[in-house]
Each structure stands twice: as C-alpha cells, then as structure tokens.
Amino acid sequence: MSRASIRFWIGATVFLVAIALMTQVIDNEYPFFAGYVILQFIVLAVAWSILGGYAGYVNFGTSAFFGLGVYTAVFLSKATGAPLAVQIAAAAIVGALLGFAVGLVTLRMQGIYFSIATIALTIIIETTVTNWRFVGGAAGIQMQRPPVMPPFHSYVQMLFFVQALLVVLAVTIARYTQISWMGRGLQALKDDELAAECTGVPTLRLKVLACVISGALMCAAGAPAAMYLQYADPSSAFNLNYSVSVLAMSLIGGTAHWVGPVLGAILLGTTQQLLAVTISSEANVLVLGVMLVLFVVAAPEGLIGLIRRIGRNRAGGRT
Amino acid sequence: MFSMELLLDAVVLGVLLGCFYAAVSLGLSVSFGLLDVPHVAHPAFLVMASYGVFFLNDRFDIDPLLAGLFITPLLFLFGLAAYRLYYETFEKRGSDAGVRGIAFFFGIAFIVEVLIILQFGVDQRSVTASYIGKAWRIGDMRIPIRMLVAFAVASAMTILLALYLSRTFMGRAIRAVAQDQEALRLMGANPVRIKQWAFGIATAVLGIAGALLIIVAPVDPMLGRAYIGRTFCVVVMAGLGSMTGTLVAAIILGVAETIVLTLFGASWAPAISFAMLLGVLAIRPQGLFGRRS
C-alpha cells in the first residue's frame with residue numbers, strides 16, 4: 001500500500017470515528033438533521049463527478065437517480081417492510097441498472113445533447129412515478145420510521161451515520177476510479193474522445209461503466225431520504241434543484257480530483273443550510289445560481305484550481 | 001370512449017397548440033440551432049418575457065400582444081448583452097465551453113427564476129384581454145379564441161423570421177456564420193458581431209412568444225422547466241436551425257401531446273415532449289430536416 005493510500009485510510013477511519021462519537025455525545029437533533037443533508041450532497045457530488053468530472057459528461061439526471069433511490073426505498077418498505085440496509089442496497093442495484101440504460105441510450109450523444117437527454121430521463125421517470133398509485137402518486141406518501149436501533153438514540157442520528165458510511169464508500173470508489181486505469185481512460189476520453197478511441201481506449205465501455213458506478217452511488221444516497229423526511233412526493237424527490245446543486249458543488253470544488261466535489265458540497269451545502277434557516281429557500285436558490293455562474297466564469301478549475309494556483313505562486317515566489 | 005370526433009378534436013387543437021410551440025421555440029432554433037450556443041436558459045427568458053407582459057398588462061392595462069411588442073427592444077438589448085458575456089467568457093478563450101457553458105446557462109436560468117419569484121411571488125399569473133376566455137363553436141367542436149390568436153400570431157412570426165433569414169442581408173449573414181465562421185472571417189466580416197446580432201434577434205422574438213405563453217395559459221416562475229423539454233424537442237426534431245422544420249416539428253409535438261392528453265389524461269403530458277426528444281436523439285440526431293451530418 002502506498003503512503004497516500006495509508007493516509008487516505010487513516011483519514012477515513014478518523015472521519016467515521018468522529019461521526020460515531022458525535023452521535024454519542026451530542027444530544028441536540030439539529031446538527032444531525034442539517035449534517036445529514038450535507039453528507040448526502042457529498043455523496044451525490046462525488047458520484048456525479050465520476051462521470052461529469054473525469055469524463056466531462058454533464059449529467060443533468062442527478063435528480064432522476066436520487067428520486068429513483070427515494071422511491072425504491074418507498075416501494076420496498078411499503079411492499080415488504082425491508083430494513084434500511086436492504087433498501088439502500090436495492091437502490092444501488094436499481095441505480096446501476098438505470099446508469100447502464102442511460103449509458104446505452106446516450107452512447108453517441110455528446111455535450112449538450114447528453115445533458116438534455118438526462119433531463120428528459122428525469123422528467124419521464126418523474127411522470128411515471130406520479131402516475132403510480134401504489135407509491136402515493138402525485139400527492140406523495142407518508143413514511144413510518146421503524147424503531148431506532150441501539151447504540152443510536154434517534155433515527156436521524158442513525159441516518160446521519162449511515163450517510164457518513166456512504167460518503168466513505170463513495171469517496172473510496174471515486175478515488176480508486178481516479179487513480180486506476182479507468183481514471184486515465186476517462187481523462188483521455190474527456191480531452192479528445194476520437195483520439196482516445198483511436199489509441200485503443202475502450203471509450204464506450206468506460207463511459208457505460210462510469211454511468212453505472214455514478215448511478216448506483218447516487219441512487220443509494222437517495223434511499224435513506226424517504227425515512228429522513230418521513231415523506232416522499234415525486235415533485236420534490238425528482239426536483240431539478242438536486243441536479244443543479246450537485247453540478248454547482250462539483251464545479252465549485254473542481255472536478256479534477258475527488259477532493260473537489262467534497263469541498264464544494266461542504267461549502268455550498270453549509271451555505272445553503274444557513275441561508276435556508278436565516279433568510280429563505282429562494283435566497284438559497286439565488287445564491288446557488290450566482291455562485292455557479294461566478295465560479296464557471298472566474299474560476300474554471302474550481303476551488304482546487306484556486307488552491308493549486310496559490311500554491312504555485314508561493315513556490316514561484318520562493319525560487 | 002374513443003371516437004373519430006374525439007380524434008379530430010385532438011388533431012385540430014394539436015395543430016393550433018403546435019403552432020404556439022413553434023413560436024416559443026423559434027428563438028432557440030436560432031440561438032442553439034444556428035449558433036450552437038447551449039442556451040438552456042431560453043425557456044427561463046421566455047417566462048421572464050411573459051412576466052414583463054403581465055406587468056404591463058396588469059399595471060397599464062395594455063393588450064398582451066402589444067405589451068410583447070413593447071418589451072421586444074429591451075429583450076433584444078438583453079440578448080446582445082447575454083451573448084457578449086458568453087462570448088467573452090467562453091468562445092473567445094477558445095476553451096471548450098462544453099461543461100461550463102451548459103452550467104453557465106443553467107446558473108443564469110436559476111437566477112432568472114428566483115428573481116421572478118422575488119419580484120412577483122410563486123403564484124400563477126394571467127393576463128386579461130377581450131379574446132381570452134371566449135370560444136368559437138363549429139358543430140360540436142369548441143375552439144378557444146386564445147388558441148386561434150396564438151395560431152395566427154405564431155404562424156406570422158415563423159414566416160417573418162424565415163423570410164428574414166433567407167431574404168435580408170443580415171439574415172443570410174447569420175446563416176453563413178452558422179455554416180462556416182472561418183470563411184466569413186476571411187471575407188472580412190466579423191463573425192462575432194453577426195452572432196451577437198443573431199442572439200439578440202433570438203431573444204427579441206421572445207417578446208411576442210412570451211405574450212402568447214401567458215395568453216394560452218397562466219404562467220408561474222417554474223414553468224420554464226417544462227418548456228426545456230418542449231423547446232429542445234422541437235428544435236432538435238426540426239434539425240438544427242431550420243425554420244420550416246421548426247413549424248413541422250412543433251405541430252407533430254402539439255398533436256402528440258393533445259392525443260396523449262385525450263387518451264391517458266393530463267398527468268402524462270409533461271413526459272411526451274421529453275420522450276420524443278429522447279427518441280429523436282437516440283434514433284435520428286440530425287432531426288427531420290437536418291442541415292448537416
């Protein structure tokens with residue numbers, strides 16, 4: 001194992017231990033309630049950038065995957081009363097299948113066509129769920145939380161911890177994707193798809209694989225949301241805001257490294273939580289839009305790019 | 001339950017609706033179809049124009065179509081500015097606008113959406129005019145007058161824009177820049193100014209289109225999201241940049257929507273345009289009247 005890997009695993013362990021300690025020490029529900037959303041966005045943003053960042057395909061269907069995850073959980077808990085872990089695993093499988101389908105349908109689409117196709121998919125799935133009576137249709141459905149398992153004191157705490165596990169899983173997968181042959185292939189594909197294809201990079205297979213991984217993670221991240229809100233309805237589960245938020249987080253953080261989306265999600269997620277509490281949810285969306293435009297225009301490489309540039313300037317100053 | 005009369009009804013209404021869809025897609029047909037700008041904010045601009053019309057109608061009691069005409073010059077200037085910003089940030093640097101270009105326009109769309117909410121609230125808004133709410137009866141068929149108005153104005157708009165692009169000097173220049181920008185530069189023309197002008201036109205036609213949007217049905221700030229599917233479906237199905245194609249594709253979409261509406265109910269309507277769009281993208285990406293391979 002390389003030095004970087006050891007450091008990574010130590011970091012991940014420290015993170016999980018800290019989260020577990022938090023659930024034991026803090027009594028107040030609110031930090032978990034707000035923290036859950038931020039963790040959820042970290043998973044979504046990291047998953048998004050596997051396809052959107054490394055391969056440069058702007059997936060606008062984050063809400064499709066997220067919403068499908070929510071409704072997989074709703075369906076399972078209503079039909080069979082399956083426990084949370086099963087719901088999440090099932091959501092990951094459904095997400096992988098959807099990712100595979102997206103990969104196949106959009107094989108030859110590039111740039112904006114791919115983005116538009118993924119929006120189309122979101123609306124089609126949303127409409128189907130809206131017309132599906134069993135899971136509540138347009139009116140939505142109430143969810144009953146099962147009793148909480150020890151050592152947790154409340155259900156939200158448990159969900160918080162579960163989402164933290166998903167964060168570690170997502171980051172591990174994203175990191176592996178980035179440093180393995182897949183990451184190099186996706187990078188080549190992003191720079192010049194034709195050239196990559198010509199030099200023997202299996203571009204189509206890589207793209208589909210990235211779709212599958214990214215989709216499975218996004219869907220899994222959505223699964224606990226139904227229990228978190230104790231309610232699910234199509235127009236909020238499939239809300240385009242998820243897509244734009246996640247896109248913004250990844251681009252603000254920077255997509256060249258897995259740390260980028262994590263940073264972006266923490267920054268934007270925290271800002272959003274604060275704004276939603278202190279001002280209004282409209283201000284929230286406004287800030288989202290303004291930050292997205294600002295970063296895209298002024299800092300194309302995101303926070304990572306800014307940090308690297310500062311580092312380079314310092315180094316340049318010394319020599 | 002299903003009869004020929006019902007089908008005829010649906011087809012007639014669908015054609016009228018389709019012409020209206022053509023009107024709201026024309027701008028995108030120029031900006032995305034001809035200029036290759038990933039203009040996802042087009043529907044948001046459309047809704048913004050509708051709110052402009054609403055404001056003039058509500059405050060000064062101006063006829064919505066006239067109000068649309070009034071805001072057209074403002075929209076033109078707005079379009080010039082928007083393209084300038086896009087050009088300076090992306091096209092000029094020669095960087096691939098790809099990911100960031102799309103993100104840029106989505107950001108703009110969200111900002112416009114929120115500004116509308118902050119100014120007008122989230123409620124639905126509608127306009128008043130003598131022809132709204134009345135209907136024209138032919139036998140058993142009942143055709144709302146507002147749809148006829150939309151039909152007439154939309155057809156006129158399409159024809160005028162098609163004539164502008166094929167007959168005037170500037171119109172031909174716009175089509176030339178769409179075909180080969182480099183050649184235009186070699187001829188001593190400035191492609192950027194032509195594209196900016198074209199983007200201005202593409203935004204200006206939203207004045208009347210926005211008026212039609214709010215005449216046909218009440219608008220709310222989020223309405224733009226539903227129209228992402230409709231406008232892109234029409235433009236892509238038409239084959240990028242073809243005005244006649246836009247009209248034909250829009251009518252196909254309109255008829256498809258009304259037929260599904262009659263057969264399965266309104267709750268399935270939002271998916272039609274997106275499903276058609278997905279189908280066209282997967283099967284025939286160059287559209288019905290494609291301009292290139």
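How many helices and strands does chain A have? Chain A has 15 helices and 2 strands, where helices (H or I, at least four residues) and strands (E, at least two) are DSSP runs numbered from the N terminus. Keep in mind that this is a predicted model, where local features need pLDDT of at least 70, side-chain atom pairs count only at pLDDT 80 or more, and totals for chains, interfaces and linings use all residues. Residues are numbered from 1 along each chain as its sequence is written, while chains are lettered from A and ligands numbered from 1 in the order in which they are written.

Let's look at the overall form of chain A. Its C-alpha trace spans about 60 × 45 × 45 Å along the principal axes. Buried residues (20 or more other C-beta atoms within 10 Å of their own, with C-beta atoms placed from the backbone) make up 50% of the 319 residues in chain A.

Now for the meeting of the two chains. Here, 34 residues of chain A are in contact with 31 residues of chain B; contact means that the C-beta atoms of two residues, placed from the backbone, lie within 7 Å. On the side of chain A that touches chain B, helices H5 (111-130), H12 (240-253) and H14 (281-298) each supply at least two residues. H5(A) gives the most, with 13 residues.

Over in chain B, strand E1 (residues 135-138) and strand E2 (residues 141-144) pair in the antiparallel sense over 4 bridges; pairing takes at least two bridges found by DSSP. Arg137(B) has Arg142(B) in E2(B) as its bridge partner. The hairpin has 2 residues between the strands, and Gly139(B) takes a positive phi near 60° there.

How values were computed. Buried ≥ 20, exposed ≤ 12 C-beta atoms within 10 Å, placed from the backbone.
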